[in-house]
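Dear colleague,

Please find the structure below, together with its sequence. The notes that follow set out what was found in it.

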There are 2 protein chains.
Amino acid sequence: MTYIAVIGHGVVGSGVVDVLDQNREGIAHRAKEEIAVKYILDLRDFNNLPYAKKFIKDFSVIENDPEVSIVVECIGGINPAFDYIRRSLLAGKSVVTSNKELVAEKGQELLQLAKERNLNFLFEASVGGGIPIIRPLSQCMAANEVLEIAGILNGTTNFILTKMIKDNMSFDDALKLAQELGDAERDPSSDVDGHDACRKICILASLAFERHVYPNQVHTEGIRNITLQDVAYANAWGGSIKLLGTVKKCADNRLDMCVAPMLVSYDNQLSRVDDVFNAILCRGNATGDVIFYGRGAGKLPTASAVVADVIDCVKHVNARKYLYWGTGDNWLVRDPDLQQTALYIRLSGRSAYELRAAVDMAYGKDLMINADGSENEAAFITPVMGMSDHNRILDSLREKGITVENALRVFGDQ
Amino acid sequence: MTYIAVIGHGVVGSGVVDVLDQNREGIAHRAKEEIAVKYILDLRDFNNLPYAKKFIKDFSVIENDPEVSIVVECIGGINPAFDYIRRSLLAGKSVVTSNKELVAEKGQELLQLAKERNLNFLFEASVGGGIPIIRPLSQCMAANEVLEIAGILNGTTNFILTKMIKDNMSFDDALKLAQELGDAERDPSSDVDGHDACRKICILASLAFERHVYPNQVHTEGIRNITLQDVAYANAWGGSIKLLGTVKKCADNRLDMCVAPMLVSYDNQLSRVDDVFNAILCRGNATGDVIFYGRGAGKLPTASAVVADVIDCVKHVNARKYLYWGTGDNWLVRDPDLQQTALYIRLSGRSAYELRAAVDMAYGKDLMINADGSENEAAFITPVMGMSDHNRILDSLREKGITVENALRVFGDQ
């Protein structure tokens, strides 16, 4: 019998208890041992639950109980989660977490501590919810050099964009609907401004390239400025707008990283990932492109990923899984101005004819998107060039009295 | 330093040597140890290769060399692969294979032997080439009860169907093109008649449901009788025809299994998997649907999956990975006549009006597909019912002088 403690009884934490209960027999069979929840730490009272007597409010009970060999952290955020996990590892307990904010900010520190103590620190649920991604990336792709990762990593924004694309709903209406359905928080900033996706691409980049990347190193844009016009132009071009987190290894071993809404061609599988679903594309030098697709959030999917990690801990007591990455630094992530990309630009303030002439002159050539825009608007796909060159050209267009309504990266081979 | 032996220097075997060489540094880093190929067993001579001196022709050299701790089998087929693997395990060596035929026929026996000797027998590359699927299914989904698996498991047939769907090419022309491109064998039977896909769904089913399923237990149809008419009707209905391998757990714990071309709605991600790509959908009771997508074959993708298994063996010397399933029996797989499904049927020999009336009467109701068929042809989607009932009804239509041109399952929730 292995005893575990669950910290936090919110959506994921209660899901962990549910999954362990519902699939008890199969889990015990696969772990070769029964797994029992000994404590649940939560400041709230849950007197009506059948397992009410497991609730405690004092973390030191867990810390000091040698019978607890695995601690599952599901409270989210940095504090007090970081302190609890650190103390758990120091007390000789392996830790499983679903906390992407914590892993993105403090992953290296905690992996280092786990390594020193020969313990596991696992976080499959921190990216992609129920989608297996951490383990495949670290194990199945182990014979590859990873060249690039690109993912639809946030279900809320993908739901909103899907409603805009498929139902012609405005951003505001789609956000409101997501909030009504419980798919978006009342304060949606962490989703719609790209911070959640940023944390997840940081975790994937750290794992694939084995050095810690911090969220504040990554250029991050949200989807608030996407309009139905942009969606229509993207469709006329032959793709959809998706919020992507991307990381690519450059020739000098530095990383180009970005979180931003991008145009994705219908030829690419990622363009067809709709609603709250997530998908992560990994390009290896031997496998080529591999894509992992599924529900990126939700109580049971996320909880099942947590429990899979718990099973792995049970099977690897005293045998570390070798999940690890080194410290990061400012050199690792390149200045986003150096990134090479084609841009989608939507311009206004002149006739379509004049806009075309101006883009022609500024870029040397252009690909105008034919769509039912207004008289005084036009959209273009530019050639591939560095972001600093794009910015210089866009400024020169502004100087001519042209309004740059939107400028979005085009995802693809550059 | 870990020494391995590679049996067979064909496409996959030579790819394994290449991947180990190309990604040497990263692999050694991840395995925490250098991996060196000590022997390559092949009956042919490869005198011009820089590593020509590693070639041997006598398996007993490998068997009797205690320095070799891992044997990689890449010759395919049952004999002599089975004998080599059995003797390797008996000699205390872990084994990695890409041989789906062998795993599908002899997997249980070899897993049992590996278990008794506390060795690993791993076969990530046997299904889905470079797509991580064996490990995610056995580890990441470990907290789930798997309800269903459905996969596009054969790249050759998917390439042929894609050419038929997208380029309006006939089956014969598409097959010829695949052969010219090297994507199909000169004797294409194992691909186009569904046997290859059958072996792979057997492996996935055995792994997910933990009892050996043998290929001869699974109703298997190929794609030779798919015509461009069928493709057009499927498109008019709103989907594409894909060769799927499927397994579903029934209420009585038996399995409904099938390999056959099926209509897949455009709403389902599997309908968009084109060319030589494979994709595997796993439905767990907690995760919901998860899909794994990538190149299902090819030298480097497959070899990279083999090498990932080798790395795992190196990291788990004296610590088995717990891949295992029990023996099978005739009870496990249900009579295919009991399977519940809707059918797509294409009928001829009467006017479309008369065909409709006949289907209406036979099925109680019908969904006719409107497409540019000939005068004396029509296609329908039937209600969901058991295959034995379908067969009875189709026979009754035949008795009325109607020709059943084709009858294909409709994939989906039944």
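**Two helices in contact**

In this predicted model, helix 1 (residues 11-22) of chain A packs against helix 12 (residues 299-315) of chain A at an angle of about 70°, and their axes are 8 Å apart. Angles of 65 to 115 degrees count as roughly perpendicular, and helix 1 of chain A is therefore roughly perpendicular to helix 12 of chain A. The crossing of helix 1 of chain A with helix 12 of chain A is right-handed. On the side of helix 1 of chain A, the contact includes A:Val12, A:Gly15, A:Val16 and A:Val19. On the side of helix 12 of chain A, the residues in the contact include A:Leu300, A:Ala303, A:Val306 and A:Val307. The contact of helix 1 of chain A with helix 12 of chain A has nine nonpolar, three polar and two charged residues.

**Domains of chain A**

The domain assignment divides chain A into domain 1 (2-129 + 299-315), domain 2 (134-295) and domain 3 (339-410). Between domain 2 of chain A and domain 3 of chain A, the C-alpha centres lie 24 Å apart. Their contact takes 15 residues from domain 2 of chain A and 13 residues from domain 3 of chain A. On the side of domain 2 of chain A that touches domain 3 of chain A, the elements that give two or more residues are helix 11 (228-237) and strand 10 (255-265) of chain A. Helix 11 of chain A provides the largest share of that side, seven residues. By class, that side of domain 2 of chain A has 11 nonpolar, two polar and two charged residues.

**The two chains**

How is chain A superposed on chain B? A rotation of 180° with 0.0 Å of shift along its axis does this, with an RMSD of 0.0 Å. This is the relation of a two-fold axis. The C-alpha of A:Phe292 is the one nearest the axis in chain A, 2.5 Å from it.

The contact between the chains takes 42 residues from chain A and 43 residues from chain B. The elements that give two or more residues to the side of chain A that touches chain B are helix 2 (24-31), helix 6 (134-140), strand 12 (288-295) and helix 12 of chain A. Of these, helix 12 of chain A gives the most, with 10 residues. By class, the side of chain A that touches chain B has 22 nonpolar, 11 polar and nine charged residues. The copies meet through the same surface, because 100% of the interface residues of chain A are also interface residues in chain B.

With kind regards

Note on methods: Residues numbered from 1 in each chain as written. Chains lettered and ligands numbered in written order. Predicted model: local features only at pLDDT ≥ 70, side-chain atom pairs only at ≥ 80, totals over all residues. Axes fitted to C-alpha atoms, helices over the stretch in contact; angles between N-to-C directions. Helix = DSSP H or I, 4+ residues; strand = E, 2+ residues; numbered from the N terminus. Parallel < 35°, antiparallel > 145°, perpendicular 65-115°, else oblique. Left-handed = near helix turned anticlockwise from the far one by under 90°. Contact = placed C-beta atoms within 7 Å. Nonpolar A, V, L, I, M, F, W, Y, C, P; charged D, E, K, R; others polar. Least-squares fit on C-alpha atoms with pLDDT ≥ 70 in both. Domains from an automatic or database assignment.
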